Amino acid sequence: VLSLDCLPEEILHSILCYCPPSSSAALAQTAQRFRSVTNDPILWRFYCQAYFKLWDIKHDLPNKLASPPALVDWKAIYTRRHLIDREVSRLLD
């Protein structure tokens, strides 16, 4: 029986690029094997670029994008930005 566990990390990464970040976070909770691909800085850099088009200058995004992905905590940046956007949406509603 084929499962996600049989796929190489490169294929999992490609699949996760079509899924929302919440799916990556959920998959990370299912098995140790998925933690490395779901915590890959390249994946979270992709999510930051795909889900947030406008960035305040304080985020220094151009310099972060120019840095090697492993030197930037893209998952933390995504999480902070997501929480800020969620709170702003709540306040505006």
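The accessible surface of the chain, calculated by the Shrake-Rupley method with a 1.4 Å probe, comes to about 6,500 Å², of which 61% belongs to carbon and sulfur atoms. The structure is a predicted model, in which local features need pLDDT of at least 70 and side-chain atom pairs count only at pLDDT 80 or more, while totals for chains, interfaces and linings use all residues. Residues are numbered from 1 along each chain as its sequence is written, and side-chain values use heavy atoms, with hydrogens and water left out.

The chain contains six helices and zero strands, where helices (H or I, at least four residues) and strands (E, at least two) are DSSP runs numbered from the N terminus. Along its principal axes, the C-alpha trace spans about 45 × 35 × 20 Å. Of the 93 residues, 26% count as buried; here buried means under 20% relative accessible area, exposed means over 50%, and partly exposed lies in between, with a 1.4 Å probe and protein chains only. Among the contacts (heavy atoms within 4.5 Å) with a separation of 6 or more, 60% are accounted for by residues 24 or more positions apart.

Helix 4, which comprises residues 41–51, has L43, W44, Y47 and C48 as its buried residues. Seen down the axis of helix 4, these buried residues fall within an arc of 140 degrees, and they therefore line one face of the helix; the arc is that of the directions from the helix axis to the C-beta atoms. An α-helix has 3.6 residues a turn, so residues three or four places apart point the same way. The cover over the buried residues of helix 4 includes helix 1 (9–16), helix 2 (21–28), helix 3 (32–38) and helix 6 (74–92).

The structure also holds eight aromatic pairs, for which rings of Phe, Tyr and Trp (its six-membered ring) pair if their centres lie within 6.5 Å, with planes under 30 degrees apart counted as stacked, over 60 as edge-to-face and the rest as tilted. In one of these pairs, the rings of Y51 and Y78 have their centres 6.4 Å apart and their planes at 85 degrees, so the pair is edge-to-face. This pair links distant parts of the chain, since Y51 belongs to helix 4 and Y78 to helix 6, 27 residues apart. Y51 is partly exposed, with a relative accessible area of 42%, whereas Y78 is buried, with a relative accessible area of 9%. Ring pairs link Y51 and Y78 with W44, F46, Y47, F52 and W55 into a cluster.
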